[in-house]
Amino acid sequence: MATLSEEQPKKEPGQSSDSDQTSHPQATATGQSHPQPQPTTNYPNTMGYPPVMGYPYQQAPQGYASSYIGYPPNEYNSYAYSQTPTQSNVRRNSKFVRFVLVMMIIVAVFTLCSIVTLWFILRPEVPAFRVDALTVSNFNTTNFDQTANWEANVTVDNTNHKLKVYFNEIKSYVDYKDEYLAHAFVDPLSLEVKEHYVMNVKLSANNAVEHVVDQKLVDDMARDRSRGSLIFRMRLMVSSTFQRGSWWKKTRTLKVRCERLNVEFVGGAGVGTLAVGNSWPCLTFV
């Protein structure tokens with residue numbers, strides 16, 4: 001009876017038999033054989049990670065951190081630092097602001113000094129107005145029909161020592177108890193230094209042409225007329241220009257008020273005049 005060793009052919013050293021190339025169950029200590037699982041190593045490496053067995057463990061966080069650290073160090077801090085104004089920039093800006101303020105103050109002071117200097121040199125003064133004569137004719141307050149004619153001599157004096165005055169537009173009014181009765185325009189004129197001129201101002205009122213005068217006002221004028229006198233007021237609106245040669249010019253609107261012009265009527269005639277020989281000064285506002 002042949003033994004196990006006799007049935008198996010001998011193998012030369014360095015050669016492997018077909019039985020060695022095929023996996024056989026390995027006998028255990030109890031004589032029973034169980035298949036021994038073999039590790040499968042021929043699967044493709046789909047994840048790109050190195051094989052687990054036979055390789056040392058690598059720390060993944062370090063590899064990730066090393067790839068992230070490839071950016072320039074302290075990039076955020078350097079950007080923030082570069083945007084922060086330095087002391088030199090702040091000092092430069094403060095110097096510029098101070099320079100602008102100083103220039104504004106210098107310009108303001110220079111302008112003020114120029115105005116004061118011109119005022120002392122030229123000394124502009126408003127012209128003086130006065131009423132030398134006033135005549136009221138054709139004055140009638142009967143049957144709601146108020147008609148009248150006013151003719152006044154108004155003297156205007158240019159009191160300036162160095163300025164010529166141009167009266168570009170002159171508009172005259174006559175009032176009674178703060179209610180205007182008539183208005184008219186006066187021809188423009190000009191006055192040299194220290195010159196005076198007598199303006200002849202003519203106004204007429206007629207309810208058919210002018211505005212309608214309130215009946216109560218007509219009754220008041222009729223009552224005062226029966227007492228012998230009426231108090232009128234004359235106003236002038238003057239657009240004027242003060243000029244010194246060709247280098248200085250100033251335009252102003254003058255408001256002239258000649259108050260309490262007491263016109264006396266003698267007898268039953270419809271003619272009244274101011275007191276002869278008296279002049280009535282006027283107030284002038286700029």
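Helices here are DSSP runs of H or I, at least four residues long, numbered from the N terminus. The model is predicted.

**Close-up 1. A nonpolar surface patch that includes F99.** F99 sits in helix 5, residues 87–122. The patch covers about 860 Å². Its members are F96, V97, F99, V100, L101, V102, M103, M104 and I106.

**Close-up 2. The aromatic pair F139 and F265.** The structure holds 6 aromatic pairs. In this one, the ring centres are 5.6 Å apart and the planes meet at 40 degrees, so the pair is tilted. F139 belongs to strand 3 (residues 128–140). F265 belongs to strand 10 (residues 248–265). F139 is buried because its relative accessible area, 9%, falls under the 20% cut-off. F265 is also buried, at 6%.

**Close-up 3. The aromatic pair Y176 and F232.** This pair is tilted too, with 6.0 Å from centre to centre and 55 degrees between the planes. Y176 lies in strand 5 (residues 164–176) and F232 in strand 9 (residues 229–244), so the contact ties together parts 56 residues apart in sequence. Y176 is buried, with a relative accessible area of 2%. F232 counts as buried at 1%.

**Close-up 4. One aromatic cluster.** F139, W150, Y176, F232 and F265 form this cluster. Both pairs shown above, F139 with F265 and Y176 with F232, have their residues in the cluster.

**Close-up 5. R235 over the face of Y173.** R235 lies 4.4 Å from the centre of the Y173 ring.

Terms used
Residues numbered from 1 in each chain as written. Predicted model: local features only at pLDDT ≥ 70, side-chain atom pairs only at ≥ 80, totals over all residues. Heavy atoms only, no water. Patch = residues over 30% accessible without salt bridge, like charges linked within 9 Å, V, L, I, M, F, W, Y side chains within 5 Å. Areas by Shrake-Rupley, 256 points an atom, 1.4 Å probe, with all protein chains shown as cover. Salt bridge = Lys/Arg side-chain N within 4 Å of Asp/Glu carboxyl O. Helix = DSSP H or I, 4+ residues; strand = E, 2+ residues; numbered from the N terminus. Phe/Tyr/Trp six-rings, centres within 6.5 Å; stacked < 30°, edge-to-face > 60°. Buried < 20%, exposed > 50% of the residue type's maximum accessible area, 1.4 Å probe, protein only. Lys NZ or Arg CZ within 6 Å of the ring centre and 35° of its normal.
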